[in-house]
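Here is a short briefing on one protein chain. Keep the sequence and the structure open as you read.

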Amino acid sequence: MARQLDEQIAGRFPVGQRLRVLDVGMGQGTQALRLARAGHRVTGIEKDATMLAAARSALTEEPEGIRERVRLIEGDGRDTGVHFLPGSFDVVLCHGVLMYVDDPDPLLAGLARMLAPGGLLSLLVRNGDALALRPGLSGDWTAALAAFDTTAYRNRLGLDVRADRLGALTATLAGIGAPLHAWYGVRVLTDTASDGAEVPADVETLLAVEERAGRTDPYRGVAALLHLCGVRG
């Protein structure tokens, strides 16, 4: 996903431009810190205190120049309008968040308002069009059959969450003024790997295969996750 995001940034902004980035639901700050190391000014919002503490701890390990480019805020991604003026950012990330939001449309509309004209909105969501794949490949036929007719599922943390369908999100992005520009699949061929699986020796080849599958039909359509990139008109 990081490679996909970098591809979109490189194709949209001049080389060397220091971008204003907002990472909503940043978790432990993996993408926020990565982009700050690349020279961008990053603001991260996270409401989970444990995750926020992990991000702050990771930030303390960075050189001073990188620490100065990062601002961390404890808060809900639905309250971006409380913290920032419209058009304050060139790039807005919302990765792995929508599955925990019952009604994502107000959140997405608020994120789109944060973008400057031509800005990039990056979303990572659970693929609602492929929910039957994981239980089907593991032989859980009852769960696979039920998954065809729902966008609800139980994740690996044991939480009941929701997925998004590509068609519905495409319509939503058009409606909020940030129409879909590009989309990718994420975890196309590796989704059934166990959480504790060892990283293989040929991990670079694995990543090359995943990256290729994530941009190629029909493979990307059955990915566990979808990476959607909208552009503010």
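**Sheet, helix packing and local details**

Thr43 stands opposite Arg71 in β3. This is a predicted model: local features need pLDDT of at least 70, side-chain atom pairs count only at pLDDT 80 or more, and totals for chains, interfaces and linings use all residues. Residues are numbered from 1 along each chain as its sequence is written, and side-chain values use heavy atoms, with hydrogens and water left out.

**The sheet**

- Five bridges join β2 (residues 41–46) to β3, and the two strands run parallel. Strands (E, at least two residues) and helices (H or I, at least four) are DSSP runs, numbered from the N terminus.
- Seven strands make up an open sheet with mixed pairing, in the order β3-β2-β1-β4-β5-β9-β8. Two strands pair if DSSP finds at least two bridges between them.
- The edges are β3 (70–74) and β8 (180–186); each has a single partner strand, so one side of each is left without a neighbour in the sheet.
- On average, neighbouring strands of this sheet are turned by 15° against each other, direction ignored.

**Helix α1 and its contacts**

- Helix α1 (residues 2–12) packs against helix α2 (residues 30–37) at an angle of about 45°, with axes 12 Å apart. Axes are lines fitted to C-alpha atoms, for helices over the stretch in contact, and angles run from 0 to 180 degrees between N-to-C directions.
- α1 and α2 are therefore oblique to each other; that class is what remains after under 35 degrees (roughly parallel), over 145 (roughly antiparallel) and 65 to 115 (roughly perpendicular).
- From α1, the contact is made by Ala2, Leu5, Asp6 and Ile9; from α2, by Gln31, Arg34 and Leu35. Contact means heavy atoms within 4.5 Å.
- α1 also lies across β4 (89–95), β5 (115–126), β8 and β9 (225–231), running at about 160° to β8.

**Salt bridges**

- The count comes to 15 salt bridges, each a side-chain nitrogen of Lys or Arg within 4 Å of a carboxyl oxygen of Asp or Glu.
- One of them pairs Glu211 with Arg3, with the closest N and O atoms 3.0 Å apart.
- This pair links distant parts of the chain: Glu211 is in helix α10 (residues 203–213) and Arg3 is in helix α1, 208 residues apart.

**Backbone details**

- Most residues other than glycine have a negative phi, and most peptide bonds are trans.
- Asp217 and Pro218 are joined by a cis peptide bond, with omega about 5°. Pro218 is in the loop between α10 and β9.
- Arg187 is not a glycine, yet has a positive phi of about 60°. Arg187 is in the loop between β8 and α10.
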